[in-house]
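Visitor: I would like to learn how to read a model such as this one, feature by feature. Where should we begin?

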Amino acid sequence: MRRVEIFDTTLRDGLQVEGVTATVDDKLRIAEQLDLLGVHYIEGGWPGANPKDVEFFERAQRELTLNTSTLVAFGSTRRPRGKVDDDATLRNLIEANTAAVCIVAKSAEYHVVEALQTTLDEGAAMIADSVRFLRNEGRLVLVDLEHFFDGYRQNPEFSLRAIEAAVVNGASHLVLCDTNGGTLPHEVAAIVRDVSAHVGGDATIGIHCHDDTGCAVANSIAAVEAGARHVQGTLNGLGERTGNTNLTTVIPNLQLKMDYECLPEGRLELLTSVSHHVAETLNRAVNPQAPYVGSSAFAHKAGLHVSAIARAKDAYEHIAPEAVGNGTRFVVSEMAGRATIQMKADEIGIDIDGQQINAVIDDLKRLEHEGYQFEAADASLELLMRRTAGSVPEFFRVESMRVITDELPGDVVPGKFSTEATVKVWVGPNGPDGADAQRHVWTAEGNGPVNAIDTALRKAIQRSLPHVANIHLTDYKVRILDGGSATGATTRVLLSATDGTRDWTTIGVSPNIIEASWRALEDSLVFGLLHETS
């Protein structure tokens, strides 16, 4: 099998995306995940550029044990008209104490002359001197040739001089960078083919693409087909502007579709879990529709599709989801047919007959017409099916619920509101109808109506149902379904929760936002209690 090296730059280029930051601890944990996945190189950051990256490389030497990957420090060539011996950037690369370094070098005439304000001869000398210095210090040297494709179109002679300056002085990798992200696949293929012919076997050709035209993955594949054997990118496509080559897409494309070895044997199955682990660490969720690793990548909603999959699993799936650690998911909606409901029941572990399946389908159509959307509310869907099958015990019964919100007097706290909820509920160890059931009335304050209701209900039932203390709400989302009705609009509430073992989402819909929230909250607690006792 042909081999392509994978170079991950999530910890440097990926962190340039807006709204994402990472602590040193985060970076160390992400590096461990990347090593688990089995990428060849992990670019840890730019030592000396900021205190965080300095600390990262210091701690990495003590705390980071890599079994598969090579840690790489990133930097740049020496300054124009400077000397390598006293160049701070090169010195920081050496002090990072990594086996490999990657330096960015200007390879386009325009950027040498205009950005660096120097001559083409000096631009080539900067590359040659820096590579030679780092090689003499015993480092493997990868060179990111910045703006290479733009530069090659403008002045191919200088761009090839930049390559020669790197190769002659010992660079192991020549990474052609589409820095502005404006090159298309056919252009990438033609230029990489030219460079490969020029370099021969003297160095490994690499590709580094940005996604400004939406072609980063396609450009990387085109480069590999033209002779590149090293692909740079980020997990989940993170990066400045529109992002970098998405490694969670390009790796399975190359390995599963084109028969290139990108990861060690058995590691591709970790792709989805590593993708989501990194996303959680950076607090930037994976796009549900992301190829291969998204939660919807192998989800099926339409009844005809599901019926076909029931007979032939590969009828509507281009690969086996398990190959990348994902799985087939059957999404239930008003479009669902009998096969969908039956397969979902089997997945959950519910015994359900034909009459009950028909009842579930009728309920789904009615509820989705009202505004429910069960694709996003797995727990509410399960409860709907279990209630139809008669397998949901009544843990508690709410007699009434009331919420009061008052504006505090201006001389107390100007512009502030207080919220109070009162819940009357029947509950007992054997359910609300058991001989030992009791009626509890609890009042609680909260920082809003939902929080106040949640607190009051928990206080009312926690003595009889202590597991409720383990259930924590993690997210609360509200959507207006018919904006034309203004303040009278129907609202959809999605409420996410966890008990530390599993996560789930419930839904409530009503023109009254308090009622919608209550329905989602009650389902959430019932689902958590059901699975604690099952």
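**Reading the model**

Guide: Arg3 is found in strand β1 (residues 2-3). Helices (H or I, at least four residues) and strands (E, at least two) are DSSP runs, numbered from the N terminus. Residues are numbered from 1 along each chain as its sequence is written, and this is a predicted model. Local features need pLDDT of at least 70 and side-chain atom pairs pLDDT 80 or more, while totals for chains, interfaces and linings use all residues; side-chain values use heavy atoms, without hydrogens and water.

Visitor: Is Arg3 buried, exposed or partly exposed?

Guide: Buried means under 20% relative accessible area, exposed means over 50%, and partly exposed lies in between (1.4 Å probe, protein chains only). At 44%, Arg3 is partly exposed.

Visitor: Which residues is Arg3 in contact with, beyond its neighbours within four places in sequence?

Guide: Contact means heavy atoms within 4.5 Å. By that test, Arg3 is in contact with His40, Arg229 and Glu261, once neighbours within four places in sequence are set aside. The side chains of Arg3 and His40 are also joined by a polar contact of 3.1 Å. A polar contact is a pair of N or O atoms within 3.5 Å; within protein, one must be able to donate a hydrogen and the other to accept it, and residues adjacent in sequence count only if both atoms are side-chain atoms. Sequence distance is another matter: Arg3 and Cys262 are 259 residues apart in sequence, yet 6.2 Å apart in space, C-alpha to C-alpha.

Visitor: How do I read a sheet?

Guide: Strands of a sheet pair through backbone hydrogen bonds, either parallel or antiparallel. Here two strands count as paired if DSSP finds at least two bridges between them. In this model a closed barrel of eight strands runs β2-β3-β4-β5-β6-β7-β8-β9, with parallel pairing. Its neighbouring strands are turned against each other by 25 degrees on average, direction ignored. Axes are lines fitted to C-alpha atoms, for helices over the stretch in contact, and angles run from 0 to 180 degrees between N-to-C directions.

Visitor: Over how many bridges do β2 and β9 pair?

Guide: Strand β2 (residues 5-8) pairs with β9 in the parallel sense over four bridges. Within that pairing, Gln232 in β9 is the bridge partner of Phe7. Helix α9 (residues 216-225) packs on the sheet, where it touches β7 (173-178), β8 (204-209) and β9; the helix direction makes about 170 degrees with that of β8.

Visitor: Is Gln232 buried or exposed?

Guide: Gln232, in strand β9 (residues 230-233), counts as buried at 1% relative accessibility. The side chain of Gln232 makes a polar contact of 3.3 Å with that of Asp144. Gln232 also has contacts beyond four places in sequence, among them Phe7, Cys102, Ile207 and Thr245.

Visitor: Why is strand β4 called largely enclosed?

Guide: Six of the seven residues of β4 (residues 70-76) are buried, so the strand is largely enclosed by the rest of the structure. On one pairing, strand β3 (residues 41-45) and β4 run parallel over four bridges, and Gly45 has Ala73 as its bridge partner. On another, β4 and strand β5 (residues 100-106) run parallel over five bridges, with Phe74 partnered by Cys102 in β5. From β4 the chain crosses through helix α3 (residues 88-95) to β5, and this β-α-β crossover is right-handed. A crossover is right-handed if, with the strands pointing away from the viewer, the path from the first strand over the helix to the second runs clockwise. β3, helix α2 (residues 51-63) and β4 also make a right-handed β-α-β unit.

Visitor: What is the strand order in the open sheet?

Guide: The order in this sheet of three strands is β16-β17-β18, with antiparallel pairing. Its edge strands, β16 (472-480) and β18 (503-510), each pair on one side only. Strand β17 (residues 491-498) pairs with β18 over eight bridges, and Thr498 stands opposite Asp503.

Visitor: How do I check the length of a helix?

Guide: The expected span is 1.5 Å times one less than the number of residues. For the 13 residues of helix α7 (residues 156-168) that gives 18 Å, and the end C-alpha atoms are 18 Å apart, which agrees. Buried residues of α7 include Phe158, Leu160 and Ile163. Just after α7, Gly170 takes a positive phi of about 110 degrees.
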